[in-house]
Amino acid sequence: MGQIRHNCCMAIKLILMDIDNTLLEFDAFVRQFLDETFSRFEGFEKKGDLYEIFHANNQKLWQKLEQGEITMEQLQAVRWGMILEKLGIDFDGMEMERMFKAAMHESTIITPGAMEMLHALSEDYVLATASNGPYEQQVYRINKAGMGQYFRYHFISQDIGYSKPDPRFFEKARSLMKETYENDEILIVGDSASSDMQGGINAGIHTCYFDRENRGNTGGYDLCVNDLRQIAEKLEELKHAGNQTEQA
């Protein structure tokens with residue numbers, strides 16, 4: 001069930017949407033890539049849980065990216081070398097990265113409920129993507145998935161120059177918009193506590209945590225949902241609560 005922080009009164013106008021594992025399925029793509037790749041090449045034996053090994057090492061690198069310790073280019077330069085070494089596989093890490101990026105570029109596995117959510121929210125709110133990743137790839141995937149029509153802006157770390165949760169990511173995004181929004185008018189939606197939610201907190205804007213594993217971790221965020229289709233309904237509840245407060 002979606003949850004609301006009851007002392008939160010919002011007048012949202014702009015919604016920032018994370019892409020990977022929010023609008024589009026990253027984990028499902030990784031599992032698909034691993035299965036297809038490791039069944040196609042001779043000598044690529046399945047050693048242990050491929051996904052868990054990828055996830056653990058990729059997560060470490062993304063945490064360094066979020067903390068500003070490495071760049072996206074540095075992450076991509078070392079990622080698959082680390083993973084293949086862990087697997088004990090003698091293969092060019094940069095070539096595997098090239099294959100991974102090429103497959104990722106075309107990946108548009110839509111998160112259940114994402115299209116319905118965008119259709120509902122686009123009627124009342126300005127929507128923008130807010131993603132850590134390569135600009136061309138992320139925008140291409142959104143357009144290929146049929147979601148491009150819903151977004152007025154795309155804020156992607158490679159283009160912005162900073163990564164979430166750095167508050168400068170959000171400051172730069174504000175500077176690129178034609179409109180001006182107050183903090184109370186902005187909501188960020190995403191699945192990552194360390195990137196999306198902490199980024200929203202750092203920027204002083206409202207937060208909506210997509211608890212895709214349904215772990216019940218609200219984290220003190222303004223809004224928490226386990227189904228993207230709940231967001232429009234929950235924002236309506238907040239709007240109604242705000243109106244009642246004004247009338248009281």
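Student: How many aromatic pairs does the structure hold?
Tutor: This is a predicted model, where local features need pLDDT of at least 70, side-chain atom pairs count only at pLDDT 80 or more, and totals for chains, interfaces and linings use all residues. Residues are numbered from 1 along each chain as its sequence is written, and side-chain values use heavy atoms, leaving out hydrogens and water. Rings of Phe, Tyr and Trp (its six-membered ring) pair if their centres lie within 6.5 Å; planes under 30 degrees apart are stacked, over 60 edge-to-face, the rest tilted. On that basis, the aromatic pairs number twelve.

Student: What kind of pair do Phe26 and Phe29 make?
Tutor: Their ring centres are 6.5 Å apart and the planes sit at 45°, so this pair is tilted. For Phe29 and Phe33, the centres are 6.1 Å apart and the planes at 35°, so that pair, too, is tilted.

Student: Why are Phe29 and Phe33 separated by about one helical turn?
Tutor: An α-helix has 3.6 residues a turn, so residues three or four places apart point the same way. Helices here are DSSP runs (H or I, at least four residues), numbered from the N terminus. Phe29 and Phe33 are about one turn apart because their spacing in helix H1 is four residues.

Student: Which residues form one aromatic cluster?
Tutor: Phe29 and Phe33 are both buried (under 20% relative accessible area, 1.4 Å probe, protein chains only). Phe26 is buried as well. The cluster is made up of Phe26, Phe29, Phe33, Phe54, Trp80 and Phe100.

How values were computed: Buried < 20%, exposed > 50% of the residue type's maximum accessible area, 1.4 Å probe, protein only. Helix = DSSP H or I, 4+ residues; strand = E, 2+ residues; numbered from the N terminus.
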